[in-house]
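Here is a briefing on one protein chain. Look over the sequence and the model, then read the points by topic.

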Amino acid sequence: MSNRVLCREASHAGSWYTASGPQLSAQLEGWLSQVQSTKRPSRAIIAPHAGYTYCGSCAAHAYKQVDPSITRRIFILGPSHHVPLSRCALSSVDIYRTPLYDLRIDQKVYAELWKTGMFERMSLQTDEDEHSIEMHLPYTAKAMESHKDEFTIVPVLVGALSESKEQEFGKLFSKYLADPSNLFVVSSDFCHWGQRFRYSYYDESQGEIYRSIEHLDKMGMSIIEQLDPVSFSNYLKKYHNTICGRHPIGVLLNILIKWLGPRNSKVARQVAKFCRGALVLHKKQIEEMGEG
């Protein structure tokens with residue numbers, strides 16, 4: 001039996017972000033230094049996966065809230081952009097490379113997930129073609145660099161799940177959120193507007209097109225902050241907003257509902273808050289809710 005370690009290369013380095021480790025580290029440090037850690041430590045974050053030129057400063061608002069001293073396992077849920085997938089998929093490798101340092105996949109958790117029969121295996125080609133998970137790896141490495149030998153990652157590629165499937169995966173992952181050393185990262189951009197994306201929703205009452213898009217996205221963010229998967233699903237059905245990480249977000253909302261149980265929206269709003277496009281769920285109040 002082979003003990004060869006399989007690696008996923010940083011396939012988008014050099015195009016979506018710099019392939020130079022020192023330059024990348026300085027760039028990430030620059031963005032992080034401009035943000036305050038007001039919600040630290042976080043238990044879950046939602047952050048974008050565009051090229052760092054476009055979203056690097058936004059993602060810093062989420063990753064600034066990560067506490068490397070207590071985080072030991074990071075689940076990264078990203079949408080599938082290139083292959084049809086009706087379930088979720090796990091990587092076939094052991095290591096995810098970044099220009100900063102290599103990240104180890106938690107094979108113990110992977111084995112637990114695989115035994116459920118709910119997952120597929122993604123090929124190396126699919127893994128390296130996909131950017132939704134990779135764009136979070138350098139930020140993960142940077143946020144955790146002071147404890148870089150003390151944590152693992154659990155990358156999960158999320159397919160076009162039905163509402164019932166989002167509930168099933170939410171139930172499965174909820175036990176992992178109960179462990180305070182686990183962090184959930186959800187990868188998602190918001191509205192993709194224009195002919196290229198076959199989406200041109202425009203509310204003229206908002207004024208310019210960009211104002212309509214901003215209003216639409218903020219409406220979705222407000223609903224996500226309520227931690228209500230049903231309302232989020234209804235919003236998507238009504239407006240068809242092209243939120244590419246809508247299924248990972250749906251899974252996260254169901255994780256929280258399953259773990260926390262029914263809570264009124266006033267309490268929920270204290271836990272979840274978007275800051276410049278990045279959502280942070282912070283530790284203290286989530287734990288208070290979980291104990292209730």
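Threonine 98 is in contact with Ala10, Leu103, Leu137, Pro138 and Ala141, leaving aside its neighbours within four places in sequence. The model is predicted.

**Threonine 98**
- Threonine 98 sits in the loop between β5 and β6.
- Is threonine 98 buried or exposed? Its relative accessibility is 10%, so threonine 98 counts as buried; the cut-off for buried is under 20%.
- Alanine 13 lies 85 residues away from threonine 98 in sequence. In space, the two are 8.0 Å apart, C-alpha to C-alpha.

**The sheet around that loop**
- β1, β5 and β6 form an open sheet of 3 strands, in the order β1-β5-β6. The pairing in this sheet is mixed.
- The edge strands are β1 (7–8) and β6 (103–104), and each of them pairs on one side only.
- β1 pairs with β5 (residues 95–96) in the parallel sense, over 2 bridges.
- Cysteine 7 has isoleucine 95 in β5 as its bridge partner.
- Strands of a sheet pair through backbone hydrogen bonds, either parallel or antiparallel.

**Strand β9**
- How many of the 6 residues of β9 (residues 182–187) are buried? The count is 6 of the 6, so β9 is largely enclosed by the rest of the structure.
- Asn182, Phe184 and Val186 point one way from β9. Leu183, Val185 and Ser187 point the other way, and all are buried.
- β2 (residues 42–47) runs parallel to β9, and 4 bridges join the two. In this pairing, isoleucine 45 has valine 185 of β9 as its bridge partner.
- β3 (residues 73–79) also pairs with β9 in the parallel sense, over 5 bridges. Here phenylalanine 75 stands opposite phenylalanine 184 of β9.

**Helices α1 and α2**
- α1 (residues 21–33) packs against α2 (residues 52–63) at an angle of about 55 degrees. Their axes are 8 Å apart.
- The two helices are therefore oblique to each other.
- The crossing of α1 past α2 is right-handed.
- From α1, the residues that meet α2 are Leu24, Gln27, Leu28, Trp31 and Leu32. Facing them in α2 are Tyr52, Gly56, Ser57, Ala60 and Tyr63.

**Helices α3 and α6**
- α3 (residues 107–115) and α6 (residues 163–177) pack with their axes 12 Å apart, at an angle of about 155 degrees.
- How are α3 and α6 arranged, roughly parallel or roughly antiparallel? They are roughly antiparallel, because angles over 145 degrees count as such.
- α3 passes α6 in a right-handed crossing.
- Val109, Glu112 and Leu113 of α3 make the contact with Leu172, Phe173 and Tyr176 of α6.

**The chain as a whole**
- The chain holds 11 helices and 11 strands.
- It has 292 residues, and 53% of them count as buried.
- Take the contacts between residues at least 6 apart in sequence: 82% of these join residues at least 24 apart.
- The accessible surface of the chain comes to about 13,500 Å². Carbon and sulfur atoms account for 48% of that surface.

Key
Residues are numbered from 1 along each chain as its sequence is written. This is a predicted model: local features need pLDDT of at least 70, side-chain atom pairs count only at pLDDT 80 or more; totals for chains, interfaces and linings use all residues. Side-chain values use heavy atoms; hydrogens and water are left out. Buried means under 20% relative accessible area, exposed over 50%, partly exposed in between (1.4 Å probe, protein chains only). Contact means heavy atoms within 4.5 Å. Accessible areas come from the Shrake-Rupley method with a 1.4 Å probe; for residues, only the protein chains shown count as cover. Two strands pair if DSSP finds at least two bridges between them. Axes are lines fitted to C-alpha atoms, for helices over the stretch in contact, and angles run from 0 to 180 degrees between N-to-C directions. Angles under 35 degrees count as roughly parallel, over 145 as roughly antiparallel, 65 to 115 as roughly perpendicular and the rest as oblique. A crossing is left-handed if the near helix is turned anticlockwise from the far one by less than a right angle, and right-handed if clockwise.
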